[in-house]
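Please look over the structure shown here before reading on.

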Amino acid sequence: MQVIDALLLCHQQHPWAKFWGECNEQKWALDKCFRMEKEQRRRANFAVASRDDGAWSQIVKQKEAELRAKKEEP
């Protein structure tokens, strides 16, 4: 929140200069924060997907085995 507040404060204090880069450093800090947050979400989503992929693979193997067993029945 401090990064967002710093950018908003800069925009309030420099309503016109913000268009010429007065608040760039605050914006860069906010962008860095967003990138870190996105990376954390990506890693968490990847961990969930990896876990689910393993479970899904087991279900597929079980279904394939059931189909093979059904085909072999007279």
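## Aromatic side chains

Tryptophan 16 and phenylalanine 19 are both exposed, where exposed stands for over 50% relative accessible area, buried for under 20% and partly exposed for what lies in between (1.4 Å probe, protein chains only). Phenylalanine 19 and tryptophan 20 make an edge-to-face aromatic pair, with 6.4 Å from centre to centre and 90° between the planes, and tryptophan 20 is exposed as well. Rings of Phe, Tyr and Trp (its six-membered ring) count as a pair if their centres lie within 6.5 Å, and planes under 30 degrees apart are called stacked, over 60 edge-to-face and the rest tilted. Trp16, Phe19 and Trp20 together form one aromatic cluster.

This is a predicted model, in which local features need pLDDT of at least 70 and side-chain atom pairs count only at pLDDT 80 or more, while totals for chains, interfaces and linings use all residues. Residues are numbered from 1 along each chain as its sequence is written, and side-chain values use heavy atoms, with hydrogens and water left out.

## Overall form

The protein has two helices and zero strands, these being DSSP runs (H or I, at least four residues, for helices; E, at least two, for strands) numbered from the N terminus. Its radius of gyration is 26 Å, well over the 11 Å that the globule rule gives for 74 residues, so the protein is more spread out than a compact globule; the radius is taken over C-alpha atoms, and the rule is 2.2 Å times the number of residues to the power 0.38. The C-alpha trace spans about 85 × 20 × 15 Å along its principal axes, and buried residues make up 5% of the 74 residues.

## Salt bridges

Side chains of opposite charge can pair when their charged atoms come close. In the whole structure seven salt bridges are found, each a side-chain nitrogen of Lys or Arg within 4 Å of a carboxyl oxygen of Asp or Glu. The table gives some of them.

| Salt bridge | Closest N to O |
|---|---|
| Glutamate 39 and arginine 43 | 3.0 Å |
| Arginine 68 and glutamate 64 | 4.0 Å |

Glutamate 39 and arginine 43 are separated by about one helical turn, because they are four residues apart in helix H2 (residues 24–72). Glutamate 39 is partly exposed at 30% relative accessible area, whereas arginine 43 is exposed at 55%. Both residues also belong to a network of salt bridges that links Glu39, Arg42 and Arg43.
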